[in-house]
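Thanks for sending this one over. Here are my notes, point by point, for you to read alongside the model.

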Amino acid sequence: MRKTPLLIAGALAAPASAGTISVTIPQVPVAEYHRPYVAAWIEPVGGGAAQTVFVWYDIKKKGNEPGTKWLSDLRTFWRKGGRSLALPADGLSGATRPPGTYQIPLPTNLKPGAYTLYVEAARETGGRELVSVPLGVPVKPARAAGKAELGTVTIR
């Protein structure tokens, strides 16, 4: 009898742990293609601090012009918390990605409530794009699509 309540409580305590974000970076038909910098973060609907989910940039570029120099091109991310993030952030930072679809787990520390997931991309000699998707915890499927620099962003 005692094991059942503990199992149920454990399942309810981490509702976002099974959630996944799917981000598509489209193939852009241009002569000079550079992989985009991409960042994602979550904000509570009623206001509150942003929580970075991931940031993909040129982590290997060092010297006078390190890869972090152009993170400010992700303008909304930069204002919402990117400028104060110590990079590379363990478990959050990664290299830029080629066109394709990528699965990223949602943070497991999200409390039940309403949030908005933001995904922003900026590409050298390219454009910028910001996509927002409503995120409820417990997780309910949702999706939105970009028009140029981002494809479909899905929450499952």
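1. **Ground rules.** Helices (H or I, at least four residues) and strands (E, at least two) are taken as DSSP runs and numbered from the N terminus. With that convention, Val153 belongs to strand S9. Please keep in mind that this is a predicted model, in which local features need pLDDT of at least 70 and side-chain atom pairs count only at pLDDT 80 or more, while totals for chains, interfaces and linings use all residues. Residues are numbered from 1 along each chain as its sequence is written, and side-chain values use heavy atoms, with hydrogens and water left out.

2. **Overall make-up.** The protein chain holds two helices and nine strands, and from the N terminus on they follow the order α-β-β-β-α-β-β-β-β-β-β. Of its 156 residues, 37% are buried, where buried means under 20% relative accessible area, exposed means over 50% and partly exposed lies in between (1.4 Å probe, protein chains only). Contact here means heavy atoms within 4.5 Å. Among contacts with a separation of 6 or more, 64% are between residues 24 or more positions apart.

3. Two strands are called paired if DSSP finds at least two bridges between them. Five strands form an open sheet in the order S4-S3-S2-S6-S7, with mixed pairing. S4 and S7 are the edge strands with a single partner each, so one side of each has no neighbour in the sheet. S6 and S7 are antiparallel and share 10 bridges; Tyr115, for instance, has Leu135 in S7 as its bridge partner.

4. **The nonpolar cores.** A nonpolar core is a set of buried Ala, Val, Leu, Ile, Met, Phe, Trp, Tyr and Cys residues joined through side-chain atoms within 4.5 Å. The largest one has 26 residues, and Ile21, Ile42, Phe54, Ile104, Leu117 and Val119 have the most contacts inside it. At least two core residues come from each of several strands, including S1 (20-25), S2 (37-44), S6 (113-122) and S9 (152-155). A second, separate core has nine residues, among them Ala39, Val55, Leu71 and Ala122. Leaving aside neighbours within four places in sequence, Phe54 is in contact with Val23, Val38, Ala39, Ala40, Leu92 and Ile104.

5. S8 and S9 run antiparallel and are joined by four bridges, with a hairpin of six residues between them. Ala142 stands opposite Ile155. Ala142 and Ala144 lie on the covered face of S8, whereas Arg143 and Ala145 lie on the uncovered one. How buried is Val153? Its relative accessible area is 0%. Not counting residues up to four places away in sequence, Val153 touches Ile21, Ser22, Leu117, Val119, Val131, Val133, Ala142, Arg143 and Ala144. The C-alpha atoms of Val153 and Ala142 are 8.4 Å apart, for a separation of 11 residues along the chain.

6. **Aromatic pairs.** Rings of Phe, Tyr and Trp (its six-membered ring) pair if their centres lie within 6.5 Å; planes under 30 degrees apart are stacked, over 60 edge-to-face, and the rest tilted. The whole structure contains five aromatic pairs. In one of them, the rings of Trp56 and Tyr102 have centres 5.6 Å apart and planes at 70 degrees, so the pair is edge-to-face. Trp56 sits in S3 (residues 51-56) and Tyr102 in S5 (residues 100-105), so the pair ties together parts 46 residues apart in sequence. Both Trp56 and Tyr102 are buried. Elsewhere, ring pairs link Trp41, Phe77 and Tyr118 into a cluster.

7. **Backbone details worth a look.** Which peptide bonds are cis? One joins Leu87 and Pro88, with omega of about 0 degrees, and another joins Val137 and Pro138, with omega of about 10 degrees. Pro88 lies in the loop between H2 (75-80) and S4 (93-94), and Pro138 in the loop between S7 and S8. Thr125 is not a glycine, yet has a positive phi of about 55 degrees. Thr125 is found in the loop between S6 and S7 and is exposed, with a relative accessible area of 56%.
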